[in-house]
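User: I would like a close look at one part of this predicted model. Please take it slowly enough to connect it to its surroundings.

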Amino acid sequence: DQESEDDLSASRTSLERQSPHRGNTTVHVCWHRNTSVSMIDFSIAVENQLSGNLLRKFKNSNGWQKLWVVFTNFCMFFYKSHQDNHPLASLPLLGYSLTIPSESENIHKDHVFKLHFKSHVYYFRAESEYTFER
């Protein structure tokens, strides 16, 4: 069926033009972190997405910055608000570990989790138990 093949190639071309190459694609991150993702995990990841507010702690600061965060396809995207069209930053999570901060890290807040990979450490705080569990 020639018409449907032409439609498919036309739509593929327009999609490729809309999304420029990004350095944090799953393939790019897998390559640089020397890891891989199973097809099952990839399928689950693209079907699930979370978004909401999280507070981010800077390493050498006592303050927390409120950000709108979208988690999708093994990556966290950070926005000033839910109305922003472009993220301030992104964090590909392949290879990261998720833990709760230890007592020695002196973070005395509820609903805090820690993401770390090698020397990279990030602290996030959820605004409720429900958000923290998700």
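Is Tyr 96 buried or exposed, and at what relative accessibility?

Analyst: Tyr 96 counts as buried, because its relative accessibility is 14%. Buried means under 20% relative accessible area, exposed means over 50%, and partly exposed lies in between, with a 1.4 Å probe and protein chains only. This is a predicted model, in which local features need pLDDT of at least 70 and side-chain atom pairs count only at pLDDT 80 or more, while totals for chains, interfaces and linings use all residues. Residues are numbered from 1 along each chain as its sequence is written, and side-chain values use heavy atoms, without hydrogens and water.

Start with the ring. The structure holds five aromatic pairs. In one of them, the rings of Tyr 96 and Tyr 122 have centres 6.1 Å apart and planes at 45°, so this pair is tilted. The rule covers rings of Phe, Tyr and Trp (its six-membered ring): centres must lie within 6.5 Å, and planes under 30 degrees apart are stacked, over 60 edge-to-face, the rest tilted. The pair links distant parts of the chain, 26 residues apart. Tyr 96 sits in the loop between β4 (89–92) and β5 (97–99), and Tyr 122 sits in strand β7 (residues 120–125). Helices (H or I, at least four residues) and strands (E, at least two) are DSSP runs numbered from the N terminus. Tyr 122 counts as partly exposed, because its relative accessibility is 28%.

Now a second tilted pair. Phe 113 and Phe 132 have ring centres 6.5 Å apart and planes at 50°, so they too count as tilted. Phe 113 belongs to strand β6 and Phe 132 to helix α4 (residues 129–133), so the pair ties together parts 19 residues apart in sequence. Phe 113 is buried, at 13% relative accessible area. Phe 132 is partly exposed, at 22%. Phe 78, Phe 113, Phe 124 and Phe 132 form one aromatic cluster.

Another ring carries a charge. Arg 125 lies over the face of Trp 64, 4.8 Å from the ring centre. The test asks for NZ of Lys or CZ of Arg within 6 Å of the ring centre and within 35 degrees of the ring normal.

Back to Tyr 122, this time by way of Lys 114. Lys 114 is in strand β6 (residues 112–117). With 14% relative accessibility, Lys 114 counts as buried. Not counting residues up to four places away in sequence, Lys 114 touches Ser 97, Leu 98, Thr 99, Pro 101, Glu 105, Val 121, Tyr 122 and Tyr 123. Contact means heavy atoms within 4.5 Å.

Next, the nonpolar packing. The largest nonpolar core has 13 residues, and those with the most contacts inside it are Leu 54, Met 76, Phe 78, Leu 91, Leu 115 and Phe 124. Such a core is a set of buried Ala, Val, Leu, Ile, Met, Phe, Trp, Tyr and Cys residues joined through side-chain atoms within 4.5 Å. Strands β2 (64–72), β3 (75–79) and β6 each supply at least two residues of this core. Strand β6 gives the most, with three residues. Another core lies apart from it, of five residues, among them Leu 55, Ile 107, Val 112 and Tyr 123.

His 111 lies in the loop between β5 and β6. Phi of His 111 is near 60°, a positive value in a residue other than glycine. His 111 is partly exposed, at 22% relative accessible area. Lys 118 lies in the loop between β6 and β7. Phi of Lys 118 is positive too, about 55°, although Lys 118 is not a glycine. Lys 118 counts as exposed, at 75% relative accessibility.

Last, the whole protein. Its secondary structure comes to four helices and seven strands. From the N terminus on, the elements run α-α-α-β-β-β-β-β-β-β-α. Buried residues make up 28% of the 134 residues, Tyr 96 being buried as well.
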